Amino acid sequence: MKLLYLIPIISAFIGWFTNWIAIKMLFHPKKPVKILGITFIGIFPKRQAQFAEKLGKLVSAELLSFQDIESKITNPDNINQLMPQIDAHIDHFLRVKLADQMPVISMFIGDKTIQQMKSVFMTELTELFPGIMKSYMGNLQRDLDLEKIVIEKVKGFSSDKLEQILNDIMAKEFRFVEIIGGVLGFLIGIIQVILTLIS
């Protein structure tokens, strides 16, 4: 009869242990192992190439699209944030660098002329920047294949690195699954005890 009350504890341990094993089998064994003619390998090591391809497509299409980047960097508000730095740079060029490089010309350029020249430059640059950035993004998109880069990076991860990344992200979830296994096992054990006592 005393052994009967151990059933919930044993069931809880079995529930926790089977879930723990299932989580471990996501990553282990990292290389194919044959047992009784059956080949075993962890799910992620086995599917790493497919995982890399799916992640590459997701990153390039949804998470980091060139269209989103382009719309951000060509946004007038974002361009306007750069203007004070450009203004300061042009001011320094006209007052200091031009005087060093062409002292004769700088003698005929007063503060009023500098302000007028700056105003012309800034107006021109404000109109020019969106087109330049759009052109640059087009060239970047042709030269930089995000999908390919992500695929190659993830494929190149060692099994240990991949396990570490996923554990860092999902450690709490994995622990929760283990605990749920124990809790469900314990409840099933209690039901078994109750049914045994009733019968």
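This is a predicted model: local features need pLDDT of at least 70, side-chain atom pairs count only at pLDDT 80 or more; totals for chains, interfaces and linings use all residues.
## Lys 118 and its contacts

Skipping neighbours within four places in sequence, Lys 118 is in contact (heavy atoms within 4.5 Å) with Asp 87, Ile 90, Asp 91 and Leu 94. Lys 118 sits in helix H6; helices here are DSSP runs of H or I with at least four residues, numbered from the N terminus.

Is Lys 118 buried or exposed? With 8% relative accessibility, it counts as buried. Buried means under 20% relative accessible area, exposed means over 50%, and partly exposed is in between (1.4 Å probe, protein chains only).

## The nonpolar cores

A nonpolar core is a set of buried Ala, Val, Leu, Ile, Met, Phe, Trp, Tyr and Cys residues joined through side-chain atoms within 4.5 Å. The largest one here has 10 residues, including Ile 79, Met 83, Ile 109 and Phe 129. Helices H4 (76-101) and H6 (111-143) each supply at least two of its residues, and H4 gives the largest share, 6 residues.

Met 122 is another member of that core. Leaving out neighbours within four places in sequence, Met 122 is in contact with Met 83, Ile 86, Asp 87 and Ile 90. A second, separate core has 6 residues, among them Ile 23, Leu 26, Phe 27 and Leu 166.

In helix H7 (residues 146-156), the buried residues are Leu 146, Val 150, Ile 151 and Val 154. They cover an arc of only 130° around the axis, so they lie on the same side of H7. That arc is taken from the directions from the helix axis to the C-beta atoms. On the other side of H7, Glu 152 and Gly 156 are exposed.

## About the numbers

Residues are numbered from 1 along each chain as its sequence is written, and side-chain values use heavy atoms, leaving out hydrogens and water. Local features need pLDDT of at least 70 and side-chain atom pairs count only at pLDDT 80 or more, while totals for chains, interfaces and linings use all residues.
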